[in-house]
Structures are given as C-alpha cells and as structure tokens.
Amino acid sequence: KCSTTTLDVLSSISTDAAVEGLHSFELLSVDTAGAADLKIMAASAPSFASVKAGQTQDGITVEILSLPRPVSWGSKRVVGRFVLESTGRRDQQITAITFTNGGSARGQDLHQLYLENSRGQRISTFASAMDDDRVRLTLDPPLKLARGAELTVQLRADIRASRSRTIQWTVEETADVEAHACTGK
C-alpha cells in the first residue's frame, strides 16, 4: 500500500513499423513480492487519432508452407518450407532469419540446420543445433529480393530425435527477419 513501482516494458519495434500496428498493455495484478501479471493484446480501437503513412512500408513477409512428406530420422532432411516475399516499393536484402519451433524438438534434436533455395543451393550458414527452440541462420551472401518478388526456401537439418519429437516452425516477430531496403544498384 501507498508505494510505487516502476514497470519497464521492453519491446522490439521495427523502424518501419506500420502506424496502425497498435497494441495495449493491461496490468492484471501485482502480488506482495512485486511480481506482476501483465497482459499484452492487440488494440481493437485506437484511443487516439492515427495517420496512415502515404506509402506502403517496405519489408519481408514469410509464409509457412506444409511439408510434402512427414519428416523422419536422417541427414539433410527437409524440416521446413517457406515463401519469402519482398513487400513495398524497394528491393530488400535479407541478412538473417530466426525460426522458432512450436513443436517439441529442442536443442540437439536437429543438427546442421541450413536454408537452401528452390534449386537446392545452400544460401545460409550452418547452425550446429537449435538454441533451445530457436535457430538463427545468416544468409551468406545476403539474399536480395526485388520488390514484389517471392522465393521459396527450404530448411534442412540432420534429424537426431525420436519420432515423438515434433517440428512446427514459425517466425514470431518482424525483427526475426533481418532485412533492409536496398539503396543503389
């Protein structure tokens, strides 16, 4: 009672985030030890006037595709398929992507993860294993996508887990796709 607590809310916000991408925070409760129960939700209606940007924001969208067949133990298995699309008015250059597994596979269940293009050419560095449920792959050299262009990529890995482990990839935040607009030619 009669005390104050400072609550720091940290967020990853892209420099080209859409103006209408609003979220709200609700403090549900605070216990006697000071632990807070915080709810983060998309705002249904803004409490202030917003102005739409005059141009489409540049960026990369990621669409997760289904796998053509179930994954099984072995080397260089396709464990994910994605469509990368350059949106906006400028070409984009992708330098890294972080994938999160919503399934049960963790850490050493997958080895030697990498991305390849539709021609079967490796386009990323190798990640020796997942970091818990995530893997960050650096595109080397950076991948240039012309505005409006799409590219299908596959995530390959050596599977060293039992059949009970599952794989369900997502790209959780826009910051998980590290890209920037290309300037010049």
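## Aromatic pairs

The count of aromatic pairs comes to three, taking rings whose centres lie within 6.5 Å. The model is predicted. A pair of aromatic rings is described by the distance of the centres and the angle of the planes.

Take F99 and W169. Their ring centres are 6.3 Å apart and their planes stand at 70°, so the pair is edge-to-face. F99 belongs to strand β5 (residues 92–101), and W169 to strand β10 (residues 169–170). The pair therefore ties together parts that are 70 residues apart in sequence.

Are F99 and W169 buried or exposed? Both are buried. Ring pairs also bring in F82: F82, F99 and W169 are linked into a cluster.

## A charge over a ring

The charged end of R160 sits over the ring of W73. The distance to the ring centre is 4.8 Å.

## The five-strand sheet

Strands of a sheet pair through backbone hydrogen bonds, either parallel or antiparallel. Here, five strands form an open sheet with antiparallel pairing. Their order is β3-β4-β9-β6-β7.

Which strands stand at the edges? They are β3 (59–65) and β7 (127–129). Each has a single partner strand, so one side of each is left without a neighbour in the sheet. From one strand to the next, the twist averages 30°.

## Inside the sheet

Now look at strand β6 (residues 110–117) and strand β9 (residues 150–159). How many bridges join β6 and β9? Six bridges do, and the two strands pair in the antiparallel sense.

Key: Residues are numbered from 1 along each chain as its sequence is written. This is a predicted model: local features need pLDDT of at least 70, side-chain atom pairs count only at pLDDT 80 or more; totals for chains, interfaces and linings use all residues. Side-chain values use heavy atoms; hydrogens and water are left out. Rings of Phe, Tyr and Trp (its six-membered ring) pair if their centres lie within 6.5 Å; planes under 30 degrees apart count as stacked, over 60 as edge-to-face and the rest as tilted. Helices (H or I, at least four residues) and strands (E, at least two) are DSSP runs, numbered from the N terminus. Buried means under 20% relative accessible area, exposed over 50%, partly exposed in between (1.4 Å probe, protein chains only). A charge sits over a ring if NZ of Lys or CZ of Arg is within 6 Å of the ring centre and within 35 degrees of the ring normal. Two strands pair if DSSP finds at least two bridges between them. Axes are lines fitted to C-alpha atoms, for helices over the stretch in contact, and angles run from 0 to 180 degrees between N-to-C directions.
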